[in-house]
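Please look through the structure below with its sequence at hand. The paragraphs that follow go through it one part at a time.

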Amino acid sequence: MFEETGAAENAAAGAAIPAAAPADAAAPADAVAAGAEVTAAEVARLAGVGRAAVSNWRRRHADFPKPVGGTETSPSFSLPAVRDWLRAQGKLAEVPLRERVWQQVAAHPGGAVAALVKVGGALLVVRDRPTDWLELTAVSDERMVTLLRPVLDQVLGARLGPAHPLASAPVPPAAGPLLRAAAELAAELGARKAFEFLLGRHLDANPRQYTRTPDALAELMAALAGPSCRTVLDPACGTGTLLRAVRAGSAVDGDTALYAQDSSPELAALTALRLALHGSARIRTAAGDSLRADAFARPAVDAVLSHPPFNERNWGHEELAYDPRWEYGFPARAESELAWVQHALAHLREGGTAVLLLPPAVAARRSGRRIRADLLRRGALRAVVALPAGAAPPHGVPLHLWVLRRPAPQVAPPAGLLLIDGAAAAPAGDTPAAGPFAEGRPRARWSAVHHAVQEAWAAYDRTGAVEEVPGFSRLVPVIDLLDDDVDLTPARHLPPPAAGGGPAGLDAVRERLDESLARAARLSPPPAPPTAPASRPPLTTVGELLRAGALALHTGTGSGTGTAPVLTEQDVYAARGPSGTLAAAADEPVLTAPGDVLVPVAGGAAVARVVSAATAGAVPGRGLVLLRPDPAALDPWFLAGFLRGSANNRRASSHASTTSRLDVRRVQLPRLPLERQQRYGVRFRALAEFEDALRLAGRLGEQLVQGLYDGLSDGTVLPE
């Protein structure tokens with residue numbers, strides 16, 4: 001989510017903060033947050049522990065503050081009461097500046113969005129007018145907010161135009177401490193990163209309130225629109241993710257104009273500030289329903305990017321019946337998405353490109369077949385891309401990208417429609433690569449999807465033709481699609497790939513299976529001879545080792561640098577490489593290193609993996625605990641082996657109504673000298689290698705069996 005911040009931005013932000021600002025900003029934090037509430041995750045951040053520790057405190061300490069809000073499964077607590085309890089227990093960590101600022105944002109009397117709008121405006125002044133901001137901070141809060149208004153109006157007017165959606169009542173004096181604290185955060189992170197951090201925390205805290213477009217998917221959509229777009233519109237902008245992904249086609253970013261509209265005034269304001277802080281492009285935003293009250297009817301733009309609302313029935317069907325935008329047919333009440341498609345086409349210049357994220361039903365519903373047919377006949381619809389499930393919410397649905405182009409009278413329409421099934425570019429593998437899919441969802445090779453889709457579209461856009469790849473892409477003649485259904489679902493028109501890669505591919509799978517079975521047989525552990533029971537050595541716990549410094553513990557968050565791979569619970573269970581990347585955070589992530597031990601804490605299964613060189617350098621995802629042993633005191637394979645003991649897991653697990661959770665600190669292991677640990681470690685490592693060989697053999701066996709079923713059923717393999 002976060003982009004790099006240039007030295008100039010950091011320097012400007014730093015110069016804007018007087019020496020006394022940190023103390024002044026921090027002092028009123030408790031007062032501002034007097035009515036604030038925090039979730040269990042935020043309590044964990046305050047104390048510098050994992051969420052499991054907060055759950056344990058609630059169970060074990062009767063004086064832990066009672067919930068004051070939230071729900072039974074996700075309660076919230078009074079921030080002052082939590083702070084007092086943590087101080088009394090000696091558990092209150094030094095609260096990072098970004099957490100203090102976020103608490104003030106969350107506790108703002110007008111709500112977090114109102115606070116973010118005020119903070120965003122102040123950060124824009126910090127970035128664009130640092131000298132003015134320095135002068136403003138030298139006076140009292142009341143005087144500062146009075147003097148800030150004209151400066152803010154000038155900055156917003158210069159960046160957002162005269163009719164921007166941020167014109168509001170004067171900033172109240174009570175907001176002074178918040179603005180000072182936000183400026184201090186900008187000195188630490190840069191103005192852009194500071195706003196992205198606070199906005200990201202608000203979106204994470206309200207996941208059901210906003211439909212978010214993943215950054216990686218936004219980058220693909222912007223790439224399909226083309227690299228030289230100087231004017232771009234998003235008529236349903238949300239938080240501005242799609243427009244933020246646009247790369248200016250000019251060497252001068254100021255030559256680029258970004259237009260954004262959203263029915264929510266809050267989102268229109270946040271998008272305006274986000275884009276203004278992101279670069280120097282000309283920003284024009286408006287609040288209002290784009291279909292009913294189009295704010296940007298002119299001028300025509302180079303590109304339209306949109307993730308419009310799905311399945312809306314109240315989109316204006318009655319009052320817009322004679323609207324001139326319905327050039328390809330009047331959409332039925334149930335076809336709101338086709339109204340957005342035509343809205344996008346109406347805003348393009350001739351030859352301009354629109355990329356829309358749509359549900360797959362739009363490609364096949366009978367009520368939209370006439371519009372789809374006219375889009376094909378006139379050459380407006382150029383490509384339909386089926387994405388792997390999980391690419392964007394709703395995660396269980398394989399959404400489609402429609403790539404459209406406004407026809408030019410002097411250009412003949414294309415003879416075919418490019419159909420792409422992106423899931424075929426992301427096959428399951430032993431070590432899936434990074435992808436944008438949500439934590440806990442099946443991963444696909446998103447980098448491969450992005451590259452394959454972009455390459456296929458670029459070839460088609462350049463030459464009007466594309467090489468057919470069975471199961472992945474095909475240029476289908478328009479005449480073949482103009483039947484009674486006009487079904488544009490890619491999978492229904494793409495020839496399936498050869499089963500298992502064809503007979504030759506099945507032979508290769510069989511050879512790998514034979515090798516894997518032979519390796520598993522070689523690694524099979526020898527029989528364990530009966531032995532007399534030995535005296536049990538004294539035991540210790542992971543918690544005691546942590547306190548002794550023989551071990552370090554880090555809780556997985558899944559927040560990385562934006563490009564760092566993320567190891568998920570599923571990756572650890574399957575003993576495979578990292579399969580995801582998530583948005584960056586202001587915190588510097590902890591990366592895995594060889595010899596670390598990863599443990600899933602939910603689900604009740606006894607699993608622990610020692611990090612190898614192949615999986616080093618990844619960010620541990622949510623639901624994982626990373627244990628980093630001191631090699632002079634603790635052998636990692638010894639630690640992982642005892643973590644996998646069933647009795648140990650039963651002893652250290654707690655059970656909710658539907659889930660089981662492991663408290664790693666309670667896991668026991670014997671106190672042994674390092675030499676004895678290493679002898680155990682050799683055996684545990686051999687067992688892990690045997691397990692990996694069995695797992696690979698199982699996957700290859702399933703692939704061979706399914707390939708033979710497919711080959712026999714489609715005729716590529718004969719029964720003789």
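**A walk through the predicted model**

Strand β9 pairs with strand β11 (residues 416-421) in the parallel sense, over four bridges. One of the residues involved is alanine 383, whose bridge partner in β11 is leucine 418. β9 also pairs with strand β10 (residues 400-405), here in the antiparallel sense and over five bridges. In that pairing, valine 384 has tryptophan 402 of β10 as its bridge partner. Strands of a sheet pair through backbone hydrogen bonds, and the pairing can be parallel or antiparallel. Is β9 buried or exposed? Six of the six residues of this strand (residues 381-386) are buried, so β9 is largely enclosed by the rest of the structure.

Now the whole chain. This is a predicted model. The protein has 25 helices and 22 strands. It has 720 residues, and 50% of them count as buried. Consider next the contacts between residues with a separation of 6 or more: residues 24 or more positions apart account for 75% of these contacts.

Go next to an open sheet of three strands. Their order is β1-β3-β2, and the pairing is antiparallel. The edge strands, β1 (37-39) and β2 (69-70), each pair on one side only. Between β1 and strand β3 (residues 75-78) there are three bridges, in the antiparallel sense. Which residue of β3 is the bridge partner of valine 38? The partner is phenylalanine 77. Helix α6 (residues 79-89) packs on this sheet and touches β1 and β3. The direction of α6 makes about 75° with that of β3.

Helix α4 (residues 40-47) lies across β1 and β3 and runs at about 90° to β1. α4 is mostly covered, with six of its eight residues buried. The buried residues of α4 are Ala40, Glu42, Val43, Ala44, Leu46 and Ala47. An α-helix has 3.6 residues a turn, so residues three or four places apart point the same way. What covers the buried residues of α4? The cover includes the strands β1 and β3, together with the helices α5 (51-60), α6, α7 and α12. Just after α4 comes glycine 48, which takes a positive phi of about 70°.

A search of the whole structure finds one cavity of 30 Å³ or more. The largest cavity holds about 30 Å³ of space. Its lining is made of Val38, Glu42, Leu46, Glu99, Trp102 and Gln103. The elements that give two or more residues to this lining are α4 and α7 (97-106). Of the elements, α7 gives the most to the lining of the largest cavity, with three residues. By type, the lining residues divide into three nonpolar, one polar and two charged.

Glycine 190 lies in the loop between α11 (176-189) and α12 (191-205). How does glycine 190 count, as buried or exposed? The relative accessibility of glycine 190 is 0%, and buried means under 20%, so this residue counts as buried. Glycine 190 and valine 126 are 64 residues apart in sequence, while their C-alpha atoms are 9.5 Å apart in space.

The elements that give two or more residues to the lining are α22 (569-574), β17 (609-610), α23 (636-643) and α25 (674-714). Which element gives the most to the lining of the second largest pocket? That element is α25, with 11 residues. The residues of this lining divide into 19 nonpolar, six polar and 12 charged.

Terms used: Residues are numbered from 1 along each chain as its sequence is written. This is a predicted model: local features need pLDDT of at least 70, side-chain atom pairs count only at pLDDT 80 or more; totals for chains, interfaces and linings use all residues. Side-chain values use heavy atoms; hydrogens and water are left out. Two strands pair if DSSP finds at least two bridges between them. Contact means heavy atoms within 4.5 Å. Axes are lines fitted to C-alpha atoms, for helices over the stretch in contact, and angles run from 0 to 180 degrees between N-to-C directions. On a 1 Å grid over the protein atoms alone, a cavity is a set of points where a 1.4 Å probe fits but cannot get out, and a pocket is an open set with protein on both sides within 12 Å along at least five of seven lines; lining residues have an atom within 4 Å of a point. Grid points are joined across faces, edges and corners, and a volume is the space filled by probe spheres set on the points. Ala, Val, Leu, Ile, Met, Phe, Trp, Tyr, Cys and Pro count as nonpolar, Asp, Glu, Lys and Arg as charged, and the others, Gly among them, as polar. Buried means under 20% relative accessible area, exposed over 50%, partly exposed in between (1.4 Å probe, protein chains only).
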